[in-house]
Amino acid sequence: MCFFGRNFFSTKSICFSFTGFPFPSGLKTSIMKTRFLILMALVFISSCSTNNDDEYQNLPINYQVPSNFPPLAYNMVNNPLTEKGFELGKKIFYDGRLASDGVVACGFCHMQEDAFTHHGHTFSHGVGDGIGTRNAPPIQNMAYQTQFFWDGAANHIELLSMSPISNELEMNGNIINIIKMMKNDSDYKKLYSQAFPGKEINSEYMLKALGQFMTMLTSSNSRFDKYRRNESGGTLTSEEIAGYQVFNQKCASCHATDIFTDNSFRNNGLPIDPKINDLGRFRVTEQEDDKYKFKVPSLRNIEKTSPYMHDGRFYTLEGVIDHYINGVTNTQNLDPGLNNSGTLGITITSNEKSQLVAFLKTLTDNEFLTNPKFAEF
Amino acid sequence: MKFQIKNIVAVLALALAFTSCTDDNETISGEGAIKLEFDNVYGAANLAFNTAYTNTNGEVIKVSNAIYIISNIVLTKEDGSTYTMPKSESYFFVNEADATSTILNLPNIPAANYTKVSFGVGVDQAQFNAGADGQGTMWTDAQALGMTWSWAAGYKFVKFEGTVTSTTHTNANFRVHTGKTGDIYNYATITLNFPNKALVRTNVTPQVHVLTDLKKVIEGTTVINFNEGLDVMGGTKVQNISANNVPNIFSIDHVHND
């Protein structure tokens with residue numbers, strides 16, 4: 001441990017350790033040395049008070065938008081990224097006490113190695129083994145998106161956490177109890193005061209901290225990204241490049257930009273599961289022409305986020321592409337892009353299918369998936 | 001100066017002039033407070049829970065819950081200028097079940113003569129776009145009153161619940177919840193003229209008595225028939241209630257100054 005004290009005989013500050021003092025030159029007599037030791041002991045004692053935190057400076061995080069990304073959708077002027085804001089957000093993200101059972105943290109269904117999805121689960125099981133009807137979406141590049149969840153139940157990154165925290169099938173949390181818990185927890189008290197000095201612990205700052213954490217979950221260093229930015233490590237095989245061309249012709253109108261979504265809601269012709277009859281966006285707007293429409297998801301790290309679609313019905317990328325080739329059904333509000341004068345779906349040859357899959361795998365960003373800064377432990 | 005009648009008269013006239021001017025040339029300065037009281041009624045009757053009210057469509061309703069958000073209060077002075085409540089202190093939950101919540105005590109109001117008030121019902125688009133910024137404890141306050149949505153991130157603007165008896169239902173639970181539905185913000189703004197001026201002074205706190213006719217939430221330009229559905233929580237019904245009905249449910253009964 002190192003604490004800063006002042007050398008009273010000069011203006012330089014020195015790092016002291018427990019085991020020894022750097023006696024400044026010039027202390028010629030033992031009396032002066034004794035006085036020096038006493039002074040240093042006093043410095044040591046005063047530095048050990050809880051006011052030590054006042055000396056900590058919360059450093060801003062210098063976040064750069066990757067050059068191949070669209071602009072940030074999130075205006076952070078009232079919630080600038082800082083180290084402690086991020087740290088607080090991360091702690092909250094992995095804290096099971098937000099849930100009524102003390103176990104189901106955000107990180108329970110959103111696991112880093114699966115790009116913050118729930119690997120292998122069509123639906124996740126929340127508190128009390130509550131099972132929902134929607135597949136846990138990834139948490140990546142949220143700050144570039146304007147609609148969240150499969151139905152756009154939130155359109156601001158700072159407000160979206162209200163839903164899973166409160167939903168009875170997910171975390172079944174009560175914000176009143178959550179804030180009370182945080183106000184009585186010494187780690188939270190310290191982190192909040194460092195992240196938001198002078199402010200009380202309340203839901204505004206909790207949501208802001210989570211907003212900072214989610215913003216930092218930026219996935220932009222896949223092999224595809226490096227290819228796009230002409231960086232080393234960015235070589236694509238000819239099959240992958242061919243796949244990228246097919247993708248741009250046949251998929252990019254909806255899976256647009258290097259975020260791979262246009263943030264719109266569309267019906268991509270999935271046969272309706274009669275057990276669920278999920279009306280998608282209609283649940284939020286209750287507008288007839290929103291029935292069966294779901295948000296176009298980002299395809300980043302798609303290799304890791306299986307199973308696919310709002311209800312996790314496809315386990316493989318080939319299965320997804322097969323759907324677009326011959327699985328599209330003409331349900332209410334089917335996207336016009338998938339209905340070419342009565343011919344449903346997209347024409348994709350089996351060669352193109354392999355190329356597409358090869359291309360999609362280049363979106364895997366191992367740096368993002370293994371970055372210890374985002375990890376629970 | 002020589003002692004003369006005309007000088008005495010001049011001095012007296014001046015003295016009189018000054019004393020009689022004090023009331024007309026009162027300098028209004030400083031800050032005071034104003035109270036906005038929201039008094040819920042149902043048609044011609046005071047609103048009370050579990051009391052039967054019959055709508056024009058024959059449906060008989062009893063109310064068990066009535067809560068609404070009043071926000072973005074702006075007061076207009078007699079010279080036309082306005083005072084806007086600071087945004088982060090401008091959201092109130094008026095809850096019929098909690099008498100103290102129905103009187104909004106607004107502090108730090110510049111002393112002046114006020115002629116009207118405007119406010120909104122719910123949370124406005126600008127606040128949604130600002131995310132959590134400025135919300136303070138709003139989520140926590142809303143949670144205590146059941147004024148958050150369970151399937152969308154946001155708040156209920158108007159929560160109006162009870163039971164309905166009609167040709168199709170007997171004591172069935174109805175729920176009317178308005179709020180933002182997707183990209184439609186459903187925020188209603190209302191302006192009310194004061195019948196007499198509210199005189200805010202450092203030592204005078206006027207009270208504005210507003211009547212909220214909750215019957216008009218479901219029986220206005222848009223009529224809600226619960227036999228079409230007991231839960232009114234989204235879509236065009238909520239849009240119509242918010243656009244057509246909510247702006248007309250408020251009126252000012254009186255303003256008294258102290």
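Trainee: Which residues of helix H6 of chain A are buried?
Mentor: This is a predicted model, and in it the buried residues of helix H6 (residues 186-195) of chain A are A:Tyr188, A:Leu191, A:Tyr192 and A:Ala195. They span an arc of only 100° around the axis, so they sit on the same side of H6(A).

Trainee: Why would residues spaced like that point the same way?
Mentor: An α-helix has 3.6 residues a turn, so residues three or four places apart point the same way.

Trainee: And what covers the buried residues of H6(A)?
Mentor: The cover includes H2, H5 and H7 of chain A.

Trainee: Take H2(A) then. How many of its residues are buried?
Mentor: Eight of the 11 residues of H2(A) are buried, so H2(A) is largely enclosed by the rest of the structure.

Trainee: Which ones are they, the buried residues of H2(A)?
Mentor: They are A:Lys84, A:Gly85, A:Phe86, A:Leu88, A:Gly89, A:Lys90, A:Ile92 and A:Phe93. What covers them includes helix H3 (106-109), H6 and H7 of chain A.

Trainee: At what angle do the axes of H2(A) and H7(A) cross?
Mentor: The axis of H2(A), residues 83-93, comes within 7 Å of that of H7(A), and the two cross at roughly 95°. That makes H2(A) roughly perpendicular to H7(A).

Trainee: Which residues of H2(A) and H7(A) meet?
Mentor: From H2(A) there are A:Gly85, A:Phe86, A:Leu88, A:Gly89, A:Lys90, A:Ile92 and A:Phe93. On the H7(A) side they meet A:Met206, A:Ala209, A:Leu210, A:Gln212, A:Phe213 and A:Met216. By class, this contact has nine nonpolar, three polar and one charged residues.

Trainee: Changing topic: how many residues of chain A are in contact with chain B?
Mentor: 30 residues of chain A are in contact with 23 residues of chain B. On the chain A side, the elements giving two or more residues are helix H4 (162-166), helix H5 (175-183), helix H7 (203-216) and helix H10 (282-285).

Trainee: Which element gives the largest share of that side?
Mentor: H7(A) does, with five residues.

Trainee: And how do the residues of that side of chain A divide by class?
Mentor: There are 11 nonpolar, 13 polar and six charged residues on the side of chain A that touches chain B.

Trainee: Back to helix pairs. Where do H11(A) and H12(A) meet?
Mentor: A:Leu317, A:Glu318 and A:Ile321 in H11(A) meet A:Lys353, A:Leu356, A:Val357 and A:Leu360 in H12(A). The residues of this contact are five nonpolar, no polar and two charged.

Trainee: Are H11(A) and H12(A) parallel or oblique to each other?
Mentor: The axes of H11 (residues 317-327) and H12 (residues 350-361) of chain A come within 10 Å and cross at roughly 130°. H11(A) and H12(A) are therefore oblique to each other. Their crossing is right-handed.

Trainee: What about A:His323, buried or exposed?
Mentor: A:His323 lies in helix H11 of chain A. It counts as buried because it has 21 C-beta neighbours inside 10 Å, and the cut-off for buried is 20 or more.

Trainee: What does A:His323 touch beyond its neighbours in sequence?
Mentor: Leaving out residues up to four places away in sequence, A:His323 touches A:Phe314 and A:Val328.

Trainee: Now the loops. Where is A:Asn277?
Mentor: A:Asn277 is in the loop between strand E3 (265-266) and H10 of chain A. With 10 other C-beta atoms within 10 Å, A:Asn277 is exposed. A:Asn277 and A:Thr133 are 144 residues apart in sequence and 9.8 Å apart in space, C-alpha to C-alpha.

Trainee: Which residues does the cis peptide bond join?
Mentor: A cis peptide bond joins A:Ser306 and A:Pro307, with omega about 0°. A:Pro307 is in the loop between strand E4 (294-295) and H11 of chain A.

Trainee: What is phi of A:Asp129?
Mentor: Phi is near 55° there, a positive value in a residue other than glycine. A:Asp129 is in the loop between H3 and H4 of chain A, and it is exposed, with 7 other C-beta atoms within 10 Å.

Trainee: Last one: how many helices and strands does chain A have?
Mentor: Chain A has 13 helices and six strands. Buried residues make up 38% of its 377 residues.

Key. Residues are numbered from 1 along each chain as its sequence is written. Chains are lettered from A and ligands numbered from 1 in the order in which they are written. This is a predicted model: local features need pLDDT of at least 70, side-chain atom pairs count only at pLDDT 80 or more; totals for chains, interfaces and linings use all residues. Two residues are in contact if their C-beta atoms, placed from the backbone, lie within 7 Å. Helices (H or I, at least four residues) and strands (E, at least two) are DSSP runs, numbered from the N terminus. Ala, Val, Leu, Ile, Met, Phe, Trp, Tyr, Cys and Pro count as nonpolar, Asp, Glu, Lys and Arg as charged, and the others, Gly among them, as polar. Axes are lines fitted to C-alpha atoms, for helices over the stretch in contact, and angles run from 0 to 180 degrees between N-to-C directions. Angles under 35 degrees count as roughly parallel, over 145 as roughly antiparallel, 65 to 115 as roughly perpendicular and the rest as oblique. A crossing is left-handed if the near helix is turned anticlockwise from the far one by less than a right angle, and right-handed if clockwise. A residue is buried if 20 or more other C-beta atoms lie within 10 Å of its own, exposed if 12 or fewer, and partly exposed in between; C-beta atoms are placed from the backbone. The arc is that of the directions from the helix axis to the C-beta atoms.
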